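Dear colleague,

Please find the structure below, handed over for your own work. My notes on what was found in it follow directly after.

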Amino acid sequence: MMRLKSLMLVFLGLVFLPQFSLSADPILIAHRGMLRHAPENTLPAFSVCLDLGIGFELDIRTTKDGELVIIHDDGLQRTTNGLAKSIRDITWAESQRLDAGSWFDPAFAKTRIPSLEQTLQLIKDRKKGETIIALNVKQLNPDGEKKLVDLVKKYDLFKYCFAFDQNAEMSRRLKQLNPRFRIGQNVNRKSIDKRLKENVLDVFLLTFPPEKKEVDRLKKQGKQILFNFGGSGEARRNPAVWNQIRAAGVEGMLTDYPLECRQVWRRADQELKN
């Protein structure tokens, strides 16, 4: 209950803060949703992001009967009260009998594993302006690939969503299903030229803090440029890196600490004004 109260205080505090100068800021992309304040990869974790104008990353897997669901691990034990089973070995109906919230805090008891369709509907209904939704493809079968593309089309979210972490063959199949479906991938500095030559990626999810000239070069090639700073720990909540990324002009940043980063950028704006 204390965590839920803390989340509400954070939410209310940020909603009523003066407007941030977000026009040129990278869009913050919360890793697995607001995972430090709500159960990861659940509708509560995504809802807060949407209400605060923050994008998010999610993980897609497939149930035994072909439903696309949002869960990071193949196994059920870490983030649900399920037994030692794979999500692939239970049906959608069985998944909906699991509690995916109590492990985080009793206040989230009876939170369910969401489907991809439920999540896309939530985005369509509640997003505020521009956003970025990173679809981390963990496990899909061929039918699931078509379903993924069809769902993004159904909710008219091609502009905001991209898929990443799938292999090159799946990327090609997804693009063939609909050329509007955007493909992303983690890219290190050494592989930039190779990825550009291949011309498969719409989104470069950089794994290193880039310089502005590197970002500008990729933008001239028509690519969306993001920075992957996901993960926990002090090394990943570094204001110096956050400010460097902002100055470099990337369009979005994946992070476990979107609220803290936003406050750092807001303080920097206030200092410039004073």
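**Surroundings of Trp 265**

Apart from neighbours within four places in sequence, Trp 265 is in contact with Asp 25, Pro 26, Leu 28, Trp 242, Asn 243 and Arg 246, where contact means heavy atoms within 4.5 Å. The model is a predicted one, in which local features need pLDDT of at least 70 and side-chain atom pairs count only at pLDDT 80 or more, while totals for chains, interfaces and linings use all residues. Residues are numbered from 1 along each chain as its sequence is written, and side-chain values use heavy atoms, with hydrogens and water left out.

Trp 265 belongs to helix 10 (residues 258-273); helices here are DSSP runs of H or I with at least four residues, numbered from the N terminus.

**Helix packing**

Two packed helices are described by the angle between their axes and the distance between the axes. The axes are lines fitted to C-alpha atoms over the stretch in contact, and angles run from 0 to 180 degrees between N-to-C directions.

Helix 4 (residues 116-126) packs against helix 5 (residues 142-154) at about 20 degrees, with the axes 10 Å apart. Helix 4 is therefore roughly parallel to helix 5, a label given to angles under 35 degrees; over 145 is roughly antiparallel, 65 to 115 roughly perpendicular, and the rest oblique. The crossing of these two helices is right-handed, that is, the near helix is turned clockwise from the far one by less than a right angle. Helix 4 contributes Leu 116, Glu 117 and Leu 120 to the contact, and helix 5 contributes Leu 148, Leu 151, Val 152 and Lys 154. By class, five of these residues are nonpolar, none polar and two charged. In this scheme Ala, Val, Leu, Ile, Met, Phe, Trp, Tyr, Cys and Pro are nonpolar, Asp, Glu, Lys and Arg are charged, and the others, Gly among them, are polar.

Helix 5 also meets helix 6 (residues 168-177): their axes come within 10 Å and cross at roughly 45 degrees, which means that helix 5 is oblique to helix 6. This crossing, too, is right-handed. Glu 145, Lys 146, Leu 148 and Val 149 of helix 5 face Met 170, Arg 173, Leu 174 and Leu 177 of helix 6 in the contact. The contact holds five nonpolar, no polar and three charged residues.

**Nonpolar cores**

The largest nonpolar core has 59 residues, and those with the most contacts inside it are Phe 56, Ile 60, Leu 120, Leu 135, Leu 148, Val 152 and Phe 181. Such a core is a set of buried Ala, Val, Leu, Ile, Met, Phe, Trp, Tyr and Cys residues joined through side-chain atoms within 4.5 Å. A second, separate core of nine residues includes Ile 29, Phe 164, Leu 205 and Leu 226.

**Two further buried residues**

Ser 47 lies in helix 2 (residues 43-51) and counts as buried because its relative accessibility is 12%. Beyond four places in sequence, Ser 47 is in contact with Leu 122 and Arg 126.

Val 241, in helix 9 (residues 239-248), is buried, with a relative accessible area of 14%. Setting aside neighbours within four places in sequence, Val 241 is in contact with Pro 209, Phe 227 and Phe 229.

With kind regards

Technical notes. Buried < 20%, exposed > 50% of the residue type's maximum accessible area, 1.4 Å probe, protein only.
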